[in-house]
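Let's take a walk through this structure together. Have a look at it before reading on.

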Amino acid sequence: MCGIVGLLYKDPERRGAVGGILAEMCQELGRRGPDSTGMALYGVAAEGALVVRVDLDRADREAAAAAVVAACGDLTAVREHRRTGRSLRLAVTAVDEGRLADHLEARVGGVRVFSIGRSMEVVKDTGWADELDRTHSLHDHVGTHGIGHTRMATESRVDIAHSHPFWARPFPDVAVVHNGTITNYHRLRRRLELRGHHFATGNDSEVIAVYIADRLAAGEPLADALRASVSDLDGTFAYLIATDTAVGVARDQFATKPLLYAENDEMVLLASEEIAMRRVFPDPSLVPRELQAKEVRWWQR
């Protein structure tokens, strides 16, 4: 059992306290997934820049951060960097995202690239949402949309790397959160690896992100990719996928994993349970609806 949440402002010019809202929603769903919490947060892209999020899984974190900054400099210019605990955030001049991620992990031992995006960054850690908020100042994040997750680990270990969201490496600005189990994960992963894709973890949810991003990169509309996933993914699932301009959702044929959406002219909210929506928007005119079996939906900014 896990909890998933999402928020998207429909007006392309609209900005809001996305980080704080998602943190509150995830906190409400903490009992569904007490092992870890994470978010993919989207904002306005800086001209010609990428945001890189790196996990420093080493005791000498200051030295590790310096090594990552130096390794970035092999390929591009580092505009700024900031370390919070074992999380390092860098803003760099735009470069091939997959090559940069591979280079950093090859050059610096004990580090893992969680995301590289033009408008997206992934923040995640073990524990509850309020802890993640305090550590990473999520309430200060003003953005356009985002997705979040509270995890109860069932098929892979409890650590930050296996926490959601998962970046669809190497595609910038694509991330997924998932509640359920993908039973044909190994077959799908092998198929995508034969196409040259690289997976960072052994978590089955990561395959959804790469599966969708691969189809989008081939020119397929998000709606078609979502519909195809309902047939191609085996198991139980309700998932949210976000790009730089959209959020999409899909639910499996058994509809065993809950997923609700509520929308008005301004925004769309998504959550595993209504209580998460009511915590941040108690307005009764915002009426949640349950996604049906095999149903997909998407919203574009």
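Predicted model: local features only at pLDDT ≥ 70, side-chain atom pairs only at ≥ 80, totals over all residues.

Residues are numbered from 1 along each chain as its sequence is written, and side-chain values use heavy atoms, with hydrogens and water left out.

Start with the open sheet, which has seven strands in the order β7-β2-β8-β1-β14-β13-β15 and antiparallel pairing. Strands here are DSSP runs of E, at least two residues, and helices are runs of H or I, at least four residues, numbered from the N terminus; two strands pair if DSSP finds at least two bridges between them. The edges belong to β7 (120-126) and β15 (289-290), each with a single partner strand, so one side of each has no neighbour in the sheet.

Now for the helices. Helix α1 (residues 18-28) packs on the sheet and touches β1 (3-9), β2, β8 (145-151) and β14 (267-271), where contact means heavy atoms within 4.5 Å. Its direction makes about 155 degrees with that of β1; axes are lines fitted to C-alpha atoms, for helices over the stretch in contact, with angles from 0 to 180 degrees between N-to-C directions. Helix α4 (residues 129-136) packs on the sheet too, touching β2 and β7, at about 120 degrees to the direction of β7.

How many disulfides are there? The count is zero, taking a disulfide as a pair of cysteine sulfur atoms within 2.5 Å. For C2, the closest cysteine sulfur is in C26, 11 Å away, so that is too far for a bond. C2 counts as buried because its relative accessibility is 8%, with buried meaning under 20% relative accessible area, exposed over 50% and partly exposed in between (1.4 Å probe, protein chains only). C72 counts as buried as well, at 0%.
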